[in-house]
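Trainee: Please take me closely through one part of this model, the way its elements pack. Then widen the view step by step.

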Amino acid sequence: MERTSAGAPTTVAAPLVCLAGVRKTFPLPGGAPLVAVNDVSLSIAAGTAVALTGPSGSGKSTLLHLIGAIERSDGGRIDVCGQQVTGLSGRALAAYRRQIGFVFQRFHLLPTLTALDNVMAPLIPFRTDFDKAARARELLAMVGLADRTAALPSRLSGGQQQRVAIARALVNRPALLLADEPTGNLDSHTGTAIVDLLLSLRDEYGTTLIMATHDTDIAARCDRAVHMRDGCLTSLDQ
Amino acid sequence: MVLSQWRVRLRRALALLSMIAVAVAGFTLLTGAAVTSRLDTVGTVAANYRPVYDLLVRPKDAVLPPERQRNLVQSGQLAGMRGGITVGQWRQIQAVRGVSVAAPVAMIGYVMRTVPITVDLADQLDPTVERQVLRVQPTWVTDAGLSQIPDGPAYLYVTRNRLDVVPNSELESGGGLPPPEEVDADGQRVKICPAAPSVDEGDWLQPTDLRARSSLTCIGHAGSTDREGKAMRPAVTLVWTVPFLMAAVDPDSEAALAGLDQAVTSGRYFTSAERPTSHRLDGMLYPYSKLPILIADRPQIDGALSIDVQRLNPGATELVRTGSDDQRLRADLGTESGSPVAQRSIAIDEPYRDIVDRMLRPGQLGIEYDMATANTMWLHSFWTVGTPSTVQVEDGLSARPAPYDLKIWGKGAADGGSSRHVPMEFADTSVRGGVAIHRNMSREYAPQAGGINMPDAAMGAVGTFDPAKISLGSALSAVPMDTYFNPGAEGADEASRQALGGQRLAPNANVTGLLSQPPLMLTTMAALPAIFDPGAYSTEPAYPEYQLNTSAPISVVRVRLAGDVGVDLISRERVRVIAEEIAQRTGLQVDITLGSSPTAMTVHYPAGNFGRPDLAVAEPWVQKGVAAVLVRAADRKSVLLSVLVLAVCALAVLNANTAAIRARRIEFGILTCLGWNRRHLLQLMFTEIAGIGLAAGLVGNALALGFAFALGLNIPWSHTLLAIPVAVALALLAGGWPAWRAARPDPGEVIRPAVLGVAARRQAPRRLATLALANLARTPGRTALGATSLMIGVAALTMLLAITFAFRGAVSGTLLGDAVTLQARTVDYIAVAVTIVLGLVSVADVLYLNISERAAEFALFGAVGWSDGMLNRLVVVEAIGMGVIGGTLGAAAGLGGAAAFAGGMTAPIVWCSVAALVSGVAVSAVSVVVPIAMLRRLPTAQLLAEG
């Protein structure tokens with residue numbers, strides 16, 4: 001098992017994401033539990049793009065879910081933006097989730113809402129001091145869909161749907177964007193465009209990006225690549 | 001394949017199974033209970049179907065407007081009836097084919113009989129004083145104790161000295177009564193107890209005037225004798241006058257109809273042929289006829305006499321010794337104060353028995369001569385009164401005071417003599433007009449010196465009867481048997497019930513009050529001419545409306561039909577034909593009392609003069625045709641309930657199946673893509689559905705048995721077995737349609753997302769509630785499913801409430817109807833419970849499926865930072881939205897159905913639909929509990945991750 005040291009020379013002093021001995025198991029019917037994430041420690045500086053690579057079932061998604069507080073870890077400690085995520089619950093947990101953005105392989109757009117409404121959807125129950133629609137339009141323009149705001153997901157191509165999903169992930173202006181195989185359902189050309197878009201966010205807004213991917217080319221374009229196998233980190237590329 | 005389906009989708013299969021099981025258990029229970037309830041109702045009706053008489057024949061003018069309007073028959077009105085049916089008409093009725101008994105009642109009127117009440121005061125005397133005055137204050141207590149009517153006091157002057165009285169034998173005629181003289185120890189004589197001066201008739205007082213009803217009695221020491229030479233006793237005599245209502249009946253018919261012959265308690269029964277017998281007394285110039293009379297052996301009159309004895313202060317003795325004006329002296333004594341020395345109370349039964357004894361054994365009791373009582377047998381005169389003067393008010397009738405001149409009862413006098421032969425109750429409020437006196441006209445009357453004016457009619461009591469032994473039929477079908485019985489009336493509202501202290505208001509001696517006593521003296525139809533023949537009695541006032549109806553003396557005829565009469569249509573038709581024939585032949589009013597039941601008629605009785613407050617009392621009238629209405633209503637309700645619950649179950653199962661199959665569209669699409677054809681798909685689905693139906697039938701059977709046992713329902717186990725085939729049939733029928741639709745062989749259509757966005761762009765959802773409503777609007781299929789479940793429930797509940805209310809409305813208000821409604825209550829509760837449970841289960845089911853279908857969506861919202869509360873709100877708003885849509889549609893549908901069923905929109909039906917709507921929305925809000933619990937357990941990460 002490989003241990004990693006926190007921090008890299010190019011980053012600022014305080015890391016944005018800090019994992020220490022994180023562990024997650026899933027019970028299996030009639031057998032030993034499946035260890036999805038095993039004693040992972042990792043530190044990610046703000047403004048870096050990190051690729052999380054590894055074969056299927058290596059624990060990439062689970063690790064992203066743990067960082068995004070969608071799953072609760074069984075052990076270890078996760079700190080994001082100076083908050084201990086592992087200790088959050090209830091309203092604080094929901095508030096934390098609003099500080100990060102999530103992009104899924106399957107887009108998970110609401111089929112009944114237009115592109116614009118999909119982008120605004122996370123804000124629906126909240127009062128904001130800004131114009132929700134204006135921000136959504138701005139984000140859609142940024143991902144290159146200014147002219148498709150009124151389209152329903154079923155009328156959009158896969159690449160366009162993923163752009164809507166990215167715009168939606170950014171609607172809360174997150175400091176951290178988690179992307180789980182964002183290009184997995186797309187052809188390579190469209191996938192490249194999506195990766196370009198994600199990386200440009202880091203460049204323009206300093207958004208920290210953690211992206212799970214199979215694609216070594218995509219991994220190579222990130223600032224760091226972290227490889228996982230059987231729930232453990234096996235190598236850290238700078 | 002099927003088995004693996006069930007295993008994989010175990011929860012889904014279980015949900016569908018329990019849905020069908022609950023539905024068929026409900027169906028089985030409810031149909032079982034409805035059938036049992038119908039049988040109970042019909043059984044109760046049949047058992048209480050036949051009253052003592054089947055038809056009531058009256059003169060047309062005897063029918064009151066509320067009777068016609070509300071299909072009622074009045075009761076307790078006999079006393080006010082004046083005849084109107086001829087003996088010929090009665091014979092005509094008897095001759096109608098199918099008539100077994102036609103029993104007439106001919107009202108005669110009130111006869112007054114009086115007995116003395118001797119109040120012995122020996123124990124109350126003070127032996128130490130020479131002279132003393134005692135006051136005996138009588139108070140009449142009636143109307144369940146509410147009325148306390150003070151009578152004129154009787155004064156007793158007692159001296160230890162001798163009292164000299166001029167004996168009757170030495171009285172000079174026309175000289176008036178000389179007062180007695182008290183002779184004291186030194187021989188001094190003082191005239192005491194002045195006699196009443198003779199007063200012109202014009203100056204006589206009303207018979208209830210207290211000045212005319214007080215008396216003064218003076219007695220001396222033991223050696224003193226009265227005018228008849230008897231030793232004086234320290235006692236005063238009060239009188240008790242009882243009015244007896246007299247009617248003529250036909251003895252044979254009464255025996256056949258009500259078993260009057262079996263109710264005789266002393267003496268003998270009379271026969272139909274029994275006419276008045278002719279007699280002549282020694283020295284009497286003409287014969288008199290004696291009417292055979294049967295007397296009730298109990299009074300059925302509410303009345304008691306309370307007697308207070310006071311010793312007056314010594315000053316009172318001086319008043320007696322110095323007073324010279326009788327009336328002034330009694331008035332002065334009335335102002336004297338005294339101290340109570342004794343109190344006693346006498347119930348009416350005592351004097352009543354005394355009167356009956358005197359009538360049964362005239363001249364054998366050694367009764368002392370008394371103006372009041374010597375004439376026990378003579379029928380000098382009798383009185384008739386009218387019906388209560390009433391106006392129709394919202395809730396029944398209101399009796400109006402009808403004042404009249406009380407001198408019609410007795411001329412009154414200044415001396416307290418004959419005026420006391422009138423019940424003091426007559427001073428209370430009158431609500432009956434038309435009081436007339438009918439005086440005997442001695443046909444050969446010729447005044448003779450020393451002769452006494454004797455009437456030529458007398459009453460010869462042959463025996464007594466006990467009204468309690470008369471056959472009245474069952475309480476639930478009792479018809480007015482006014483001839484024997486007046487049950488009185490209980491309070492119709494809370495205030496009246498409280499005032500009456502839970503007792504019933506009963507008839508009293510005030511014959512012009514609201515309630516009249518039943519006839520206490522019965523004579524024969526054959527004896528009627530002695531009273532009704534022209535020239536027998538003269539009526540005063542001499543107006544035509546007061547005259548006796550000599551040509552048509554019969555007031556009512558009660559008819560009993562021959563043979564058995566059932567509750568079935570043919571029997572009812574036979575009765576109707578006979579009734580019509582009687583009406584046609586005689587031109588009289590014929591009411592069918594067969595299948596009727598007592599109902600309450602509210603009558604407002606104005607306050608009395610002696611403490612009785614305004615009362616609203618419920619007179620026991622009779623509602624006609626109750627049995628037929630009940631049987632019809634029970635039949636209809638039973639059918640409606642069964643149809644309703646079957647429809648609800650079918651729709652609920654249809655809904656559940658539709659939802660279940662919707663959730664598997666993708667699976668079917670994949671199977672189609674894999675080369676399955678429609679037949680394969682249908683086979684798969686029908687096998688699944690039939691299997692679930694069978695299992696549900698077994699569970700439903702067990703549930704029905706358990707509930708039937710727990711609720712104590714008498715449902716045969718064979719009926720609960722019905723649950724199995726019903727469940728399979730229901731599952732196949734209700735599952736068939738959605739399966740048929742889902743098995744379309746177009747894989748593209750099947751595999752397309754269940755929820756297709758509609759391009760029409762409306763206001764974007766900017767708030768959670770709007771998002772929820774937008775979800776409803778943009779997923780019409782799913783919304784329709786949820787709303788339909790609720791619509792079915794709410795419509796069913798509305799219909800059910802309407803059916804129940806309609807049933808109660810049709811049958812309640814009568815004793816029989818109330819008994820039946822009480823019996824039917826269980827089935828009503830079960831029906832409501834089944835409907836609500838089905839509604840709850842199907843809405844929860846739809847919401848559950850909704851959430852399963854949209855699990856990823858909810859997971860996403862969780863991932864972007866929505867709190868649990870927000871997600872819950874989303875579900876609740878959607879559920880309530882569905883509830884309002886479905887509930888409103890259901891209430892409208894139910895309202896329409898109920899209105900069509902009831903033949904119009906009534907306020908209760910509207911309220912039913914509103915209640916059903918509210919409960920529908922409530923049910924949908926409550927039903928989110930399960931889906932919300934499910935939300936908590938959503939595997940968010942799994943849903944969001946690529947599988």
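Mentor: Axes are lines fitted to C-alpha atoms, for helices over the stretch in contact, with angles from 0 to 180 degrees between N-to-C directions. Helices (H or I, at least four residues) and strands (E, at least two) are DSSP runs, numbered from the N terminus. The model is predicted: local features need pLDDT of at least 70, side-chain atom pairs pLDDT 80 or more, while totals for chains, interfaces and linings use all residues. Residues count from 1 along each chain as written, and chains are lettered from A and ligands numbered from 1 in the order written.

Start in chain A. The axes of helix 5 (residues 158–169) and helix 6 (residues 188–205) of chain A come within 10 Å. They cross at roughly 15 degrees. Helix 5 of chain A and helix 6 of chain A are therefore roughly parallel to each other (under 35 degrees; over 145 is roughly antiparallel, 65 to 115 roughly perpendicular, the rest oblique). From helix 5 of chain A, the contact (C-beta atoms, placed from the backbone, within 7 Å) uses A:G158, A:G159, A:Q162, A:R163 and A:I166. Helix 6 of chain A answers with A:T190, A:A193, A:I194, A:L197 and A:L198. By class, 5 of these residues are nonpolar, 4 polar and 1 charged (nonpolar: Ala, Val, Leu, Ile, Met, Phe, Trp, Tyr, Cys, Pro; charged: Asp, Glu, Lys, Arg; polar: the others, Gly among them).

Stay with helix 6 of chain A for a moment. A:E181 sits in the loop between strand 7 (176–180) and helix 6 of chain A. Its phi is positive, about 45 degrees, though A:E181 is not a glycine. A:E181 counts as buried, with 24 C-beta neighbours inside 10 Å (buried is 20 or more other C-beta atoms within 10 Å, exposed 12 or fewer, partly exposed in between). A:F107 also has a positive phi, about 65 degrees, without being a glycine. A:F107 is in the loop between strand 6 (100–103) and helix 3 (115–120) of chain A. A:F107 is buried, with 22 other C-beta atoms within 10 Å.

A:A46 is partly exposed, with 16 other C-beta atoms within 10 Å. The loop between strand 2 (34–45) and strand 3 (49–53) of chain A holds A:A46. A:A46 and A:T207 are 161 residues apart in sequence, yet 7.4 Å apart in space, C-alpha to C-alpha.

Now chain B. Chain B has 27 helices and 28 strands, and 50% of its 947 residues count as buried. Helix 13 (residues 626–662) and helix 22 (residues 825–853) of chain B have axes that come within 10 Å and cross at roughly 10 degrees. Helix 13 of chain B and helix 22 of chain B are therefore roughly parallel too. Their contact includes B:L641, B:V645 and B:V648 of helix 13 of chain B, and B:A831, B:V834 and B:T835 of helix 22 of chain B. That contact has 12 nonpolar, 3 polar and 1 charged residues.

Helix 4 (residues 87–95) of chain B buries B:Q89, B:W90 and B:I93. Down the axis of helix 4 of chain B, these fall within an arc of 105 degrees (taken from axis-to-C-beta directions), so they line one face of the helix. The face turned away carries exposed B:G88, B:R91 and B:A95. Cover for the buried residues of helix 4 of chain B includes strand 1 (55–58), strand 3 (99–120), strand 25 (556–561) and helix 12 (569–586) of chain B.

Last, a cis peptide bond joins B:E540 and B:P541, with omega about 0 degrees. B:P541 lies in the loop between strand 24 (537–540) and strand 25 of chain B.

How values were computed:
Two residues are in contact if their C-beta atoms, placed from the backbone, lie within 7 Å.
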